[in-house]
Amino acid sequence: MSTNNINRRRSYEVKVGNVSVGGNNPIVVQSMTDTNTSEIDKTTNQIAELAQAGSEIVRVTVNDSDAIQAIPYIKDNLKKMNIEVPIVGDFHFNGHILLNKYQSEAAHLDKFRINPGNVGKKNKKDKNFTTMIEVACKLDKPVRIGVNWGSLDQELLASNLDANNKLSKPKTLDEIMCESVITSALENAKLAEQIGMGKDKIIISCKLSKVNMLIDVYKKISEICSYALHLGLTEAGSNERGIVYSACALGPLLLNGIGDTIRVSLTTDINGNRSKEVEVAKLILQSLGIRYFLPDVTSCPGCGRTSSDYFQKLAADIDQHIKINMPSWKKEYPGVENLKISVMGCIVNGPGESKHADIGISLPGRGENPTAPVYIDGKKNVTLKGGNITNEFKEILFNYIENRFKT
Ligand code: SF4
């Protein structure tokens, strides 16, 4: 893993099943299922799909007795499939009842997510929260105190707004909202500690759906506590919006060393591809040079100098080739995920970009000689010609991987 000279904020290390979050550990990618948890096979399959896509922790909804009773069966199914990903139970409203009543089932979870805004009102709030933390302590489970501005503790917000209205220069509603989200997280973490939970069992998240506010909140909370932090822009949306907003929110924080685990909350597309949120999370980390998951393919956008769509097809083909082969390459060629490949459309930037990559090809642009120079480790290695360039380049790529990464 390259840290890219980023100074990571120091945080407590929290063990979530077989995965460590915080401390000096790599930033963990996580995701969440969207199945009805009580549908055991569907949920198992989606967890397996997310884990295979690279999700290192998977959260599931635990909203009723059927859901919590399904957990041991889901874990058992995953074990039979040789999938060891930690499972987090997401509790709201009735979490205190479920955790208290179904403790042997809850023991199969690796972490509980508790939303302090959804644990109860008035005097029931602390009582219900206490019940959940006591069960977590008894079962030796970590928790995420997950505040979300969409379900923020309304009594806390109202009291902070009242106090603000009495100031000679009242703060804006957004400022009060940000302060309240932080207060809710930290007060509940403090309460959890008073009940007996260690700091190394607590992860905090403060999720909002506005990029600038999210960045402000995490910058502030990162300065005033050392709990491990879960980052994520809540309700990011779907497709391009969700991807761009999430990247813009998480990028500045990660570059400032803030964040121990991330989730990208994308609305699942029409084809139901839930793993996309995992792919995006991995790409965010990879784009910042924080973690590498698969070889990077740099390709130019193409322009009027591009002589045909050959290079777009080659770039797409190489991308696909890598995705298909990565499961076996990862086992046989450790470190292959650090490989840099470039596929360029003409000689304007092609040779230069190829020299920055480990292996690069520059295809002929309009009016250029119909040849494709291949660069390896910054030096021109061979010039390809004719109709079999794609396969020849793949062979060169494979030989390079074999020579460099075979153990
Ligand atoms: S490398 Fe060549 S084809 Fe690609 S965008 Fe630049 S000028 Fe256009």
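Predicted model: local features only at pLDDT ≥ 70, side-chain atom pairs only at ≥ 80, totals over all residues.
In the hairpin of β14 and β15, which residue takes a positive phi? The residue is D377, whose phi is near 50 degrees, and the hairpin in which D377 stands has two residues between the strands.

View 1. An assignment divides the chain into domain 1, covering residues 14-287, and domain 2, covering residues 296-405, and the centres of domain 1 and domain 2, taken over C-alpha atoms, are separated by 40 Å. The C-alpha trace of the chain spans about 80 × 60 × 40 Å along its principal axes, and the secondary structure comes to 13 helices and 15 strands. Of the 407 residues in the chain, 43% are buried. When contacts between residues at least 6 apart in sequence are considered, 68% of them join residues at least 24 apart.

**View 2. The closed barrel of eight strands.** The barrel runs β3-β4-β5-β6-β7-β8-β9-β10, and its strands pair in parallel. Neighbouring strands of this sheet are turned against each other by 25 degrees on average, with direction ignored. Strand β3, made of residues 28-32, runs parallel to strand β10, made of residues 261-263, and three bridges join β3 to β10; within this pairing, V28 has T261 of β10 as its bridge partner.

**View 3. Strand β9 and its partner β8.** Strand β8, which holds residues 202-207, runs parallel to β9 and is joined to β9 by two bridges, and the bridge partner of I204 in β9 is L229.

View 4. Helix α1, formed by residues 40-53, lies across β3, β4 (57-61) and β5 (87-91), and the helix runs at about 155 degrees to β4. S275 has its place in the loop between β10 and α10 (276-287). Leaving aside residues up to four places away in sequence, S275 touches E49, L50 and A53. S275 and I47 are 228 residues apart in sequence, yet their C-alpha atoms are 9.6 Å apart in space. Because 18 other C-beta atoms lie within 10 Å, S275 counts as partly exposed.

**View 5. Strand β14 between its antiparallel partners.** Four of the five residues of strand β14 (residues 372-376) are buried, and the strand is therefore largely enclosed by the rest of the structure. Strand β13, which comprises residues 359-362, pairs with β14 in the antiparallel sense over three bridges, and here I361 stands opposite V374 in β14. Strand β15, which comprises residues 379-384, also runs antiparallel to β14, and five bridges join β14 to β15; in this pairing, the bridge partner of A372 is L384 in β15. The hairpin of β14 and β15 is where D377, with its positive phi near 50 degrees, is found.

**View 6. The residues around the ligand.** The ligand is surrounded by 13 residues, of which the closest are C300, C303, G345, C346 and V348. By residue type, the shell around the ligand divides into six nonpolar residues, six polar residues and one charged residue.

Definitions and conventions
Residues numbered from 1 in each chain as written. Near = placed C-beta within 6 Å. Nonpolar A, V, L, I, M, F, W, Y, C, P; charged D, E, K, R; others polar. Domains from an automatic or database assignment. Buried ≥ 20, exposed ≤ 12 C-beta atoms within 10 Å, placed from the backbone. Contact = placed C-beta atoms within 7 Å. Pairing = 2+ DSSP bridges. Axes fitted to C-alpha atoms, helices over the stretch in contact; angles between N-to-C directions.
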